Amino acid sequence: PLVLGIETSCDETGVGVVQGHTLLADALASSVEQHARFGGVVPEVASRAHLEAIVPTMDRALAEAGVTLADVDAIAVTSGPGLAGALLVGVAAAKGYAVAAEKPVYGVNHLAAHVAVDTLEHGPLPEPAIALLVSGGHSSLLLVDDLAHGVTPLGATIDDAAGEAFDKVARLLGLPFPGGPYIDREARAGDRAAIAFPRGLTAAKDQAAHRYDFSFSGLKTAVARWVESRQRAGEVVPVADVAASFQEAVCDVLVGKALDACRSSGIQTLVIGGGVAANSRLRAMAEQRAATYDVQVRTPRPTLCTDNGAMVAALGSHLVAAGVAPSSLDLPADSAMPLTTVSVTGEERT
Ligand code: ATP
Ligand code: MG
Ligand code: FE
């Protein structure tokens with residue numbers, strides 16, 4: 001099916017067009033520069049930027065794909081989770097376009113879309129698969145046995161998301177927002193064994209209750225203490241070494257737990273999605289360690305890992321192909337949409 005996807009859950013206005021598993025267009029307008037000086041996304045600023053960008057981005061995506069709205073089979077839109085006001089702009093736009101062009105509309109889960117986007121890179125996802133979802137607001141391990149109808153959470157962060165940890169550590173190292181890409185870059189020149197930072201929830205005592213859970217706030221505090229002690233002693237902070245050692249600690253835990261889930265379930269496909277999946281060390285480490293267990297790692301190209309419209313279109317296309325019913329026109333912007341709800345009319349897994 002030819003599906004158009006609209007994403008406005010945070011600070012990127014994204015419109016993508018896909019045909020089946022083929023990416024035809026991925027137009028993006030970001031308000032990230034307007035938030036940078038605040039050190040985080042300002043919701044009102046994001047909403048206004050979406051409002052200004054949505055129509056031009058829509059037009060750009062259709063032109064890039066060489067199609068008109070009349071050609072598409074369905075419109076998919078991020079219904080949640082995300083910033084309420086930001087989501088509203090995308091949902092309202094999708095409804096408007098759907099009514100005007102008489103197309104079905106699918107309200108989809110942003111997090112499931114972070115997983116589905118890989119199909120644009122590697123084709124249909126073999127099911128069951130294990131998914132490691134690591135983004136700015138979420139960090140979860142999922143069992144994906146039927147992406148069109150539901151995912152089963154195996155574990156999640158008990159405090160900060162992985163991307164949040166990257167952003168906070170970047171901030172205390174004096175790097176710009178959002179910090180993930182800057183830590184990635186700094187770390188290339190650093191020694192990842194320079195400092196032994198803690199690996200959260202990997203102790204033997206955590207195996208029973210938190211085998212597939214993550215914790216990054218202790219790591220962030222450890223980095224802060226280490227940096228402060230250097231500064232107090234009047235020493236120069238070796239930014240590259242701190243970045244590399246911090247990144248190594250995060251990746252070590254993420255990859256270790258994801259492969260543990262694969263091994264214990266006998267599942268040989270690991271898909272990694274979300275903004276942190278763009279991290280070069282995470283990708284390399286996952287590839288390397290997975291080979292030992294005969295697990296195939298699927299990671300979309302970095303530009304598809306961070307928020308975009310193509311991921312929403314990819315999930316929409318999967319739902320249409322699976323025969324899932326579209327949403328009704330009163331579909332909500334649901335800022336707290338649970339991970340288990342893949343689309344607004346999709347059956348919820350219990
Ligand atoms: P969510 O998907 O949970 O709603 P979000 O949509 O804001 O959150 P994403 O766009 O999926 O988040 O990811 C953004 C996060 O990814 C930021 O925290 C950013 O620092 C991080 N990130 C992006 N690129 C990299 C990288 N190369 N290395 C590490 N982190 C990265
Ligand atoms: Mg963003
Ligand atoms: Fe996201």
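Author: Happy to! Helices are DSSP runs of H or I with at least four residues, strands are runs of E with at least two, and both are numbered from the N terminus. An axis is a line fitted to C-alpha atoms, for helices over the stretch in contact, and angles run from 0 to 180 degrees between N-to-C directions. This is a predicted model, where local features need pLDDT of at least 70, side-chain atom pairs count only at pLDDT 80 or more, and totals for chains, interfaces and linings use all residues. Residues are numbered from 1 along each chain as its sequence is written, while chains are lettered from A and ligands numbered from 1 in the order in which they are written.

Let's begin with helix 10, residues 239-265. Helix 10 has 27 residues and reaches 39 Å from its first C-alpha to its last.

Now bring in helix 7, which covers residues 180-187. The axes of helix 7 and helix 10 come within 8 Å of each other and cross at roughly 110 degrees. That makes the two roughly perpendicular (65 to 115 degrees; under 35 is roughly parallel, over 145 roughly antiparallel and the rest oblique). On the helix 7 side, the contact (C-beta atoms, placed from the backbone, within 7 Å) is made by Ile183, Glu186 and Ala187. Helix 10 brings Val239, Ala240, Ala243, Ala244, Phe246 and Gln247 to the contact with helix 7. Sorted by class, this contact has seven nonpolar, one polar and one charged residues. Here Ala, Val, Leu, Ile, Met, Phe, Trp, Tyr, Cys and Pro count as nonpolar, Asp, Glu, Lys and Arg as charged, and the others, Gly among them, as polar.

Gln247 turns up again where helix 10 meets helix 11. Helix 11 spans residues 280-293, and the axes of helix 10 and helix 11 come within 10 Å and cross at roughly 35 degrees. From helix 10, the residues that touch helix 11 are Gln247, Glu248, Cys251, Leu254, Val255, Leu259, Cys262 and Arg263. Helix 11 answers with Arg281, Leu282, Met285, Ala286, Arg289, Ala290 and Tyr293. The contact of helix 10 with helix 11 has ten nonpolar, one polar and four charged residues.

For another pair, look at helix 6 (162-172) and helix 9 (residues 217-232). Their axes are 10 Å apart, at an angle of about 10 degrees, and that makes helix 6 roughly parallel to helix 9. Ala165, Lys168, Val169 and Leu172 of helix 6 face Leu219, Lys220, Val223, Ala224 and Val227 of helix 9 in the contact. By class, that contact contains seven nonpolar, no polar and two charged residues.

Of the 24 residues around ligand 1 (C-beta atom, placed from the backbone, within 6 Å), Gly136, Gly137, Gly163, Gly180 and Gly275 come nearest. The shell divides into six nonpolar, 15 polar and three charged residues.

Finally, some loop landmarks. A cis peptide bond, with omega about -10 degrees, joins glycine 80 and proline 81, and proline 81 sits in the loop between strand 4 and helix 3. The peptide bond from glutamate 127 to proline 128 is also cis, with omega near 5 degrees. Glutamate 102, in the loop between helix 3 and strand 5, has a positive phi near 55 degrees in a residue other than glycine.

Conventions. Contact = placed C-beta atoms within 7 Å. Expected span 1.5 Å × (residues − 1).
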